[in-house]
Amino acid sequence: MNNSSVANVAVARPEHPVAYQEPAVYGLMAEFEEHEQLLSAAKRAYAEGYRRMDGFSPFPIDGLAETLGHETSLVPLITLVGGMSGGLGAYFMQWYSMGHLYPLNVGGRPLNSWPNFIPVTFELTILIAAISALTAMLVLNRLPQPHHPVFNVPEFQRASIDRFFLCIEVSDPKFERDRTWKFLESLGACKVSEVLE
Amino acid sequence: MTTLGYPAVLIDERETYDRVSDQIGGIALKHPHQKLWLAGFTIVFGMFILFCVSVGWLLRRGVGIWGINIPIAWGFAIVNFVWWIGIGHAGTFISAILLLLFQKWRTTINRFTEAMTLFAVICAGMFPLLHLGRPWTFYFLLPYPDTMALWPQFRSPLVWDVFAVSTYFTVSLIFWYVGLMPDLATLRDKAVTKWKRISYGVGALGWRGSALHWQRHQSAYLLLAGLATPLVLSVHSVVSFDFSVAQLPGWHSTIFPPYFVAGAIYSGFAMVLNLIIPIRRIYALENLITVRTLNNMANVMLATGWMVAYGYIMEAFMAWYSGDVFEMAMMKNRAFGPYGWVFWALMALNCVIPQLLWSQKVRTNDIALFLVALSINIGMWVERFVIVVTSLHRDFVPSNWAMYFPTVWDWATLLGSVGLFLTLQFLFIRYLPMISISESRELIAQRKEGRL
């Protein structure tokens with residue numbers, strides 16, 4: 001989601017850089033002390049019309065992503081599809097190998113002895129579903145991502161410890177540096193800082 | 001105190017986000033008891049060396065170094081396998097099932113028990129492979145396109161075991177790692193040396209606590225809990241099929257799956273207590289792992305202990321009620337035969353001593369609780385010995401009867417596997433956050449909102 005902003009800023013740079021160049025700005029970041037403050041700040045920013053923004057917290061905050069306009073997650077659907085294909089694949093493997101590729105007559109029982117195939121079908125359903133859940137979470141979150149502009153803010157170290165942050169990106173159509181700065185300050189932030197690319 | 005008179009504190013009143021991060025992260029980053037840790041690690045690493053030597057000698061000489069024979073082909077290897085995999089059940093039970101049941105007291109022990117699960121499953125997985133005789137051909141168990149067009153026999157419980165145990169390990173690992181990611185980010189941001197920043201940073205995968213990331217993370221975590229819940233129940237059921245699908249008296253019983261699962265959770269909780277009680281004292285974690293947590297674990301042990309006792313009673317009852325001469329002979333031999341003393345030791349360790357847990361004084365006293373848990377751990381190992389050996393050593397034909405005596409290598413491998421388990425445990429305590437920091441913060445936030 002940040003690629004477009006990176007691209008915009010890159011285009012704005014002169015082709016032959018001069019000795020000093022203004023560093024590109026990624027966005028403005030407000031710092032809060034309590035999670036309720038971040039939640040209400042996110043609500044007000046959304047009501048104000050800001051869309052390209054993100055909240056950061058050291059633990060999951062109920063309803064924050066929804067407040068920022070991200071209603072649903074694709075992870076459950078991908079997990080369901082993964083689990084179903086794992087189960088169907090496992091049954092097919094057993095049916096095809098035991099019934100066709102390597103048929104063994106055990107006491108005259110049917111080759112498609114389905115009760116015996118349940119344990120492996122069950123286990124592979126769970127296995128593929130779990131792997132799908134992990135992969136979906138990582139891929140949709142674009143992780144691993146070693147660097148991100150928000151890490152350039154020194155205070156951001158505390159985002160994984162005890163502080164809560166709201167970052168409004170430059171690429172937001174409503175972004176105006178001074179107005180947005182004042183707006184963030186009015187939300188009760190203990191500090192507002194600039195996020196450099 | 002709650003209305004039932006139990007200690008109610010889940011997390012100390014004075015905790016703040018920063019304090020828990022420092023306290024838990026500090027154990028991994030600064031390591032307060034370096035000398036004590038090193039002394040303990042030397043001992044358990046020595047035991048791990050013993051494991052390597054026993055396995056090396058086994059690979060050199062073959063399974064003949066063990067006390068197994070025909071008819072007792074299973075011996076210690078399978079006893080140890082079932083014991084370890086049982087211990088590995090508490091972790092996912094605590095993390096997944098108690099998460100779905102909104103049991104908040106699990107928060108401060110789930111990371112630790114998940115790690116314990118992984119290490120126990122690693123130990124468990126070793127034994128069937130070593131017992132193969134030619135462990136280097138272990139891949140014959142897997143469905144792969146081999147040149148002889150052979151397939152594993154999918155109707156066999158031993159093949160189900162391969163799938164159950166490997167799935168259990170993989171899913172437990174994923175579940176543990178997903179929970180660990182945000183905490184690795186905390187350690188990355190708290191670390192002062194470059195090397196630590198890089199190592200924890202690699203593990204954290206660039207986690208930055210974004211709201212959208214948390215949403216998907218929580219979604220995946222909850223789904224994994226939902227997937228792991230039936231998985232925990234299935235794994236020991238499949239292990240019990242190894243026995244109950246066979247026709248042997250003492251094994252061929254429909255009570256085995258639920259009875260094995262209850263026993264697994266029983267021994268798993270006992271092992272958690274055996275590990276966490278000393279750690280809680282040494283690292284002064286009483287404010288996070290409160291008396292209430294210990295008390296609740298003791299209650300789970302009391303309940304599952306009675307389920308296991310019900311299993312023992314039903315085994316004896318069904319042997320009599322079936323009217324089957326072999327079943328009755330097996331039961332009589334189990335209690336009064338040459339291994340009778342082992343059976344009665346099992347009854348004492350697993351059914352009598354744990355009744356002390358009815359007393360709240362025992363449940364809230366960590367030393368007493370440690371000793372009861374130790375009794376259960378040994379008792380559950382003895383249970384598997386009774387199931388494996390007493391059933392096998394006298395089956396249908398008297399000419400096929402024999403005795404089983406473990407050799408020094410049997411004991412060395414068992415002790416060595418404990419060394420492997422504890423070595424991994426020591427490394428985990430030293431280098432990773434053993435309590436979930438982000439979930440502890442959630443508890444604090446809930447307390448601040450007055451929801452706890």
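In what order do the elements of chain A run from the N terminus on?

## Chain A from end to end

Start at the N terminus of chain A and walk along: the elements come in the order α-β-α-β-α-α-α-β-α-β. That gives chain A six helices and four strands. Keep in mind that you're looking at a predicted model.

How much of chain A counts as buried? For this chain of 197 residues, the figure is 41%.

## Where chain A meets chain B

Now bring in the partner. On the chain A side, 52 residues are in contact with chain B, and 48 residues of chain B are in contact with chain A. Which elements of chain A give two or more residues to this side? They are β2 (53-56), α3 (64-67), α4 (75-101) and α5 (114-140). The largest share comes from α5(A), with 16 residues.

## A helix pair across the two chains

Let's zoom in on α5(A), which packs against helix α6 (residues 157-190) of chain B. Their axes are 9 Å apart, and the angle is about 20 degrees. An angle under 35 degrees counts as roughly parallel, so that's how α5(A) lies relative to α6(B). The crossing of α5(A) past α6(B) is left-handed.

Who does the touching? From α5(A) the contact uses P119(A), V120(A), E123(A), L124(A), I126(A), L127(A), A130(A) and L134(A). From α6(B) come W160(B), F163(B), A164(B), T167(B), T170(B), V171(B), I174(B) and V178(B). Sorted by class, that's 13 nonpolar, two polar and one charged.

## A helix pair inside chain B

Chain B has a helix pair of its own to look at. Are α4(B) and α9(B) roughly parallel or roughly perpendicular to each other? The axes of α4 (residues 89-100) and α9 (residues 256-282) of chain B cross at roughly 90 degrees and come within 7 Å. Angles of 65 to 115 degrees count as roughly perpendicular, so that is the label for α4(B) and α9(B).

On the α4(B) side, the residues are H89(B), A90(B), G91(B) and F93(B). They meet A264(B), I265(B), G268(B), F269(B), M271(B) and V272(B) of α9(B). This contact has seven nonpolar residues, three polar ones and no charged ones.

How values were computed: Residues are numbered from 1 along each chain as its sequence is written. Chains are lettered from A and ligands numbered from 1 in the order in which they are written. This is a predicted model: local features need pLDDT of at least 70, side-chain atom pairs count only at pLDDT 80 or more; totals for chains, interfaces and linings use all residues. Two residues are in contact if their C-beta atoms, placed from the backbone, lie within 7 Å. Axes are lines fitted to C-alpha atoms, for helices over the stretch in contact, and angles run from 0 to 180 degrees between N-to-C directions. Angles under 35 degrees count as roughly parallel, over 145 as roughly antiparallel, 65 to 115 as roughly perpendicular and the rest as oblique. A crossing is left-handed if the near helix is turned anticlockwise from the far one by less than a right angle, and right-handed if clockwise. Ala, Val, Leu, Ile, Met, Phe, Trp, Tyr, Cys and Pro count as nonpolar, Asp, Glu, Lys and Arg as charged, and the others, Gly among them, as polar. A residue is buried if 20 or more other C-beta atoms lie within 10 Å of its own, exposed if 12 or fewer, and partly exposed in between; C-beta atoms are placed from the backbone.
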